[in-house]
Amino acid sequence: MALILVFVTSLLGAVVLAFVGDRKYAHEINIIGSGATFAASIFLAYEVYATGPMLAGDDFFFVDAFNVYLAVLTAFVSTTTAIFSRKYMKFERSHGRVGHKSMRFYHAMFQLFIFAMLLALLTNNVGVLWISMELATLSTVLLVSLYRTPAAIEAAWKYFILCGVGIALALFGTVLLYFAAEKVFGEGTQGLLWTNLNAYAGSLEPTVLSLAFIFLMVGYGTKVGLVPLHNWLPDAHSEGPTPISAVLSGLLLNVALYALVRCKVIVDGATGSNKTGYIMMAFGLLSIIVASFSLLRQKDIKRMFAYSSIEHMGIATFAFGLGGPVATFGALLHMLVHSITKSAIFFTVGHAAQMNSTQDMSRIRGLVKGNPLVGWGLMLGVVAIAGVPPFGVFTSEFLILTAAMKNAPYLAPVFLLGIAVAFAALMKRVMPMVFGDAAPWQGSLKASHFPVILHLVLILILGLYMPVFLNDWFHKAAELLR
Amino acid sequence: MDLSLAAQINSVLAALILLTSFALLVQRRIQGLLHIFAWQGLLLSISTAVVGYSAGLHHLYISALLTLTLKVFALPYILYVLIHKLKIHKEVEEVVNIPTTMLIGIALVIFSYDLTSPVRELSTLLTRSTLAVALSTVMLGLLMMITRKKAVTQIVGFLSLENGLFFAATSATYGMPLVVELGVALDILIAAFIFGIFFFQIRTTFESLDLKEMEKLKEDE
């Protein structure tokens with residue numbers, strides 16, 4: 001029941017908002033729609049928590065500990081983003097950066113994007129997983145080019161083409177997966193159901209699945225933004241409206257990584273080895289190193305945090321590759337805390353950019369003087385994302401580091417180096433923006449503080465204390481991905 | 001139909017599809033590209049129908065029909081209208097180094113055969129030898145997207161890549177389940193609308209559909 005509601009609210013939201021367009025209450029409807037989805041997802045999580053994994057809709061949906069927490073996270077962050085987007089987009093609208101038609105489009109696509117992500121997370125069909133990943137890309141492509149500046153259009157085109165190609169390769173991988181499954185299950189949808197594939201993974205042909213994984217890795221890896229497939233990501237995340245940057249960085253990357261991990265489980269089951277793990281570790285480490293050094297060279301504030309997202313996705317990918325209960329637990333937690341922290345950072349960054357009417361970091365100065373909550377929000381967010389205790393990111397990175405020390409000690413220093421460089425780079429850039437005298441061109445604005453504060457409090461709580469249900473979930477999920 | 005005859009027909013069609021892929025790679029005129037692309041779609045559709053007939057799988061007829069409407073009529077038509085509206089239908093694109101591109105293309109085909117050889121040995125379907133051709137089509141589509149610099153040609157490359165995927169689905173597995181195939185078709189259709197909008201956005205912003213103009217977002221600023 002809650003499962004149906006999750007989809008109905010988001011899809012209905014998209015349809016209603018397409019009609020409401022740019023009228024007075026569009027922002028509020030957007031918040032209510034996302035909020036309703038969030039409420040439904042909590043009920044769904046409660047059901048799954050009480051009764052265990054469930055299959056629904058003729059085996060079309062499969063909900064277990066792994067995807068339900070991501071679904072709740074997706075619905076939660078999209079709700080807070082909708083709240084943030086209200087003031088943010090009103091400001092943009094009043095400054096003429098977006099027009100009448102664009103606003104209608106923006107709201108409808110925002111809801112459709114959430115729908116696509118939830119479908120990707122909760123479906124049991126590997127083919128539908130692919131379709132909804134593509135839908136999530138397509139629904140955001142034109143949001144990236146919403147401002148119609150040359151840079152925005154270039155970014156959107158890159159995003160469209162590179163992700164289109166990447167995800168096409170993932171489809172080839174899915175075809176190969178089905179090719180192997182067809183021998184076991186025969187014709188029809190049965191061969192694409194993840195639960196079936198997982199249960200009979202041992203009887204699938206390992207050579208075919210190894211080949212399939214390479215395509216899936218490159219395909220979904222492009223969407224995760226793993227180096228060297230990351231070229232589109234900094235552009236797409238920096239040129240679009242900030243609420244979109246927040247959901248792209250905070251949610252879509254997670255969903256893509258989820259797709260990859262689901263496929264990895266099947267392939268591992270078939271080959272009986274951890275070859276896929278080594279591939280993921282290599283991609284992950286490369287992403288951490290390249291992204292953290294790239295952080296040093298950035299001038300655009302949103303671009304910098306886009307690189308930081310690549311780094312953190314690299315960390316999670318590396319941890320999933322490591323495998324074992326501790327690393328997997330760390331990776332799951334890392335996806336959660338990164339998502340919450342990074343979206344909070346983008347909220348403050350959006351306001352900071354609006355106050356100074358630029359995204360150029362050298363022209364953003366003295367945010368604390370101009371608007372203490374925005375300034376401190378950015379500072380604390382960056383401290384949290386850099387992995388300083390007592391915030392949640394520290395906990396997950398620490399877990400992953402311990403697992404790395406134990407299972408792959410020669411890689412642990414590389415991992416640490418990446419984190420250290422990222423810390424230094426972020427601090428070097430953010431300190432002058434936050435403290436010091438306010439820039440003379442700095443204006444004031446009505447900022448949306450509630451989402452930022454909520455996210456930062458959550459991330460602090462997660463660093464100090466792990467709620468029992470979350471702990472249970474992660475353990476169950478880690479068991480599943482063993 | 002005799003099974004071996006069907007297999008032979010299919011091999012011929014596969015060879016023709018590969019040929020169209022190479023033709024796309026070197027065709028300079030934009031209108032010519034659209035014609036070749038439509039032919040490729042037609043070949044794909046016939047091949048799907050032949051497989052469906054010889055294997056007695058009726059859902060493949062739906063796939064064939066879907067391909068026919070989408071790849072032979074709808075998409076080329078949309079592109080045709082677009083290039084006329086944008087007045088670029090007579091444009092000739094400069095393609096550098098055709099011989100080199102062809103050689104790389106041939107290397108990619110050999111690579112595809114090598115890559116799919118373990119799968120080929122496992123398959124018992126009459127279509128199994130065409131999987132390599134399907135992968136080649138995907139690779140050649142990719143190559144085309146890399147070597148061409150115009151938005152329209154990149155899109156044609158992308159769609160031809162998509163054709164290769166579709167061919168892979170029929171040749172390796174007798175087609176994906178219908179739910180998936182319909183979903184994929186829907187995604188392609190949405191993509192078609194999006195690149196349509198894009199062409200106009202790019203045109204109005206850059207005053208050309210040449211992607212060489214798009215070089216602002218570079219790392220070393």
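Let's start with the core. The largest nonpolar core here has 251 residues. Such a core is a set of buried Ala, Val, Leu, Ile, Met, Phe, Trp, Tyr and Cys residues joined through C-beta atoms within 7 Å. Buried means 20 or more other C-beta atoms within 10 Å of a residue's own, with C-beta atoms placed from the backbone. Met117(A), Val175(A) and Leu176(A) have the most contacts inside this core. Helix H6 of chain A, residues 150-185, gives the largest share, 24 residues. Helices are DSSP runs of H or I, at least four residues, numbered from the N terminus.

A word on the source. This is a predicted model: local features need pLDDT of at least 70, side-chain atom pairs count only at 80 or more, and totals for chains, interfaces and linings use all residues. Residues are numbered from 1 along each chain as its sequence is written, and chains are lettered from A and ligands numbered from 1 in the order written.

Next, a helix pair. The axes of H16(A), residues 392-407, and H18(A), residues 450-464, come within 6 Å. Axes are lines fitted to C-alpha atoms over the stretch in contact, and angles run from 0 to 180 degrees between N-to-C directions. These two cross at roughly 40°.

Now the two chains. 37 residues of chain A are in contact with 35 of chain B; contact means C-beta atoms, placed from the backbone, within 7 Å. On chain A's side, H6(A) gives the largest share, 18 residues.

Notes:
A residue is buried if 20 or more other C-beta atoms lie within 10 Å of its own, exposed if 12 or fewer, and partly exposed in between; C-beta atoms are placed from the backbone. Two residues are in contact if their C-beta atoms, placed from the backbone, lie within 7 Å.
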